[in-house]
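Student: Could you walk me through reading a nonpolar core and a sheet? Please keep it brisk.

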Amino acid sequence: MPPIQDHPLRYHLANELHARPFPAMQSPSTVIYLAVKQPKEAVHRDRTLDLAHLRALLDRHGAAHPQPGSTHHSAQLGRYTLKWEQHTEFVSYTLYGDGVSERAFDPADFDIFPSDWLTEAPGQRVTSLMMRILPRPDPDDIRAKLQDWFVPESLAVAEVLDDSAVVAGDFRIDPAGHMRFAVFANATTGSQRIGRVVQRLCEIETYRAMSMLGFSRARGLAPTIGALDTYLSEMMAEMTSDTVPAEQTLTQLLQVSAQLEAMAAQSAFRFGATGAYEALVNQRISLLRETRHGGFQMFSEFMLRRYEPAMRTVKSTEKRIATLADRARRGGELLRTRVDVERSAQNQALLASMDRRADLALRLQHTVEGLSVVAISYYAVSLAAYLMYPLADVMGISKGMMTAMITLPVVGLVWLAVQRVRKKLH
């Protein structure tokens with residue numbers, strides 16, 4: 001093949017498809033699972049702390065460290081095999097080994113995670129589970145074990161992957177603080193298929209727990225949303241009754257709108273992640289290809305009854321916030337229009353008042369012009385009289401007669417001069 005330059009991410013992205021293979025497990029086996037998440041800003045957490053915590057566990061067993069920046073790692077910890085994965089919001093630890101303890105779901109099995117190491121975890125436990133993988137016995141024996149291990153009221157049981165195994169779980173936290181799942185695998189079921197079933201059960205529980213964080217957020221926002229809804233309705237009533245000035249109501253509406261927008265922005269990621277986790281839960285359950293076993297409810301039926309209402313609450317809360325924000329926005333637009341109309345009317349009244357004032361000013365100007373003609377004419381006649389007094393003596397006319405003779409011509413000239421100046425100004 002002729003030489004050609006590869007994209008720098010070609011091999012990395014191709015290897016990513018094969019980076020998280022399903023574990024291979026025999027029957028009987030024990031699975032211990034733990035998921036850890038930081039309580040706040042988990043997406044933007046310092047991921048080097050996750051690797052440091054993993055290395056601390058590996059050092060206790062002399063296992064090899066992962067490569068810097070790794071998002072997954074496998075190692076042997078005594079009789080257990082560790083599978084570590086770093087996700088967007090959480091980190092998961094899966095330990096599995098051959099054999100099962102005499103006591104079903106013995107809390108001592110979880111001691112593979114040292115207590116002091118758990119205390120130093122960079123986050124909090126989202127979920128932890130213990131899984132017991134056993135050869136598939138007869139149906140009566142399975143029923144007896146299920147009644148002994150799980151809470152019957154919430155027990156979900158199904159035959160999966162074309163009746164390759166029977167899986168069971170009640171999604172309840174036992175006294176030791178862990179979820180419990182049981183897998184009864186057929187003798188002919190391969191280790192890879194058992195690993196796929198175990199991986200999907202771990203993912204179902206993890207994504208269920210992560211999606212319920214959105215339900216908690218929705219339930220916490222419910223009182224605030226209800227109060228804002230009532231307050232917004234009251235302001236809408238004030239708009240129609242005209243009991244409160246529009247400017248005051250507009251200010252209140254803008255505050256409510258800003259509060260709703262902030263609430264939507266703060267909840268957008270959590271609600272979006274909840275939708276993604278819900279889709280993963282439903283997808284993983286569908287991949288199990290369930291069929292009914294012994295009259296028990298299947299996992300899909302359990303989720304439909306217990307899990308789906310919580311997810312609908314999240315969607316309803318998200319939609320309600322958006323609806324309230326739209327109502328506040330539309331109310332603000334209506335109030336802005338009303339305020340603009342009122343201001344336009346005020347401006348028109350102001351312009352009419354200015355027109356009246358201008359008309360009065362014009363009339364006053366005409367009056368002043370008449371008075372100014374009289375005043376200017378008075379001074380002009382006086383000056384002209386002083387100028388014409390010598391001629392009066394020569395002509396034998398008295399000064400009074402001379403003043404009387406020049407008064408009308410001077411007044412006329414002054415009036416013409418004022419009119420000419422006014423004409424030039426206009």
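Student: Which residues touch the most other members of the largest nonpolar core?

Tutor: A nonpolar core is a set of buried Ala, Val, Leu, Ile, Met, Phe, Trp, Tyr and Cys residues joined through side-chain atoms within 4.5 Å. Buried means under 20% relative accessible area, with a 1.4 Å probe and protein chains only. Here the largest core has 62 residues, and Met131, Leu201 and Phe299 touch the most other members. Helix α5 (residues 191-241) gives the largest share, 16 residues. A separate core of 36 residues includes Trp84 and Phe296.

This is a predicted model: local features need pLDDT of at least 70, side-chain atom pairs count only at pLDDT 80 or more, and totals for chains, interfaces and linings use all residues. Numbering starts from 1 along each chain as its sequence is written, and side-chain values use heavy atoms, without hydrogens or water.

Student: What is Leu201 in contact with, leaving aside neighbours within four places in sequence?

Tutor: Contact means heavy atoms within 4.5 Å. Leu201 meets Met131, Val167, Phe181, Val183, Leu288 and Phe299.

Student: What is the strand order of the open sheet?

Tutor: Strands are DSSP E runs of at least two residues, helices H or I runs of at least four, numbered from the N terminus. Two strands pair if DSSP finds at least two bridges between them. The eight strands run β2-β3-β4-β1-β5-β8-β7-β6, with mixed pairing. Edge strands β2 (72-77) and β6 (156-160) each pair on one side only.

Student: How many bridges join β1 to β4?

Tutor: Nine; β1 (residues 29-37) and β4 (residues 90-98) run antiparallel. Ser29 stands opposite Asp98 in β4.

How values were computed:
Buried < 20%, exposed > 50% of the residue type's maximum accessible area, 1.4 Å probe, protein only.
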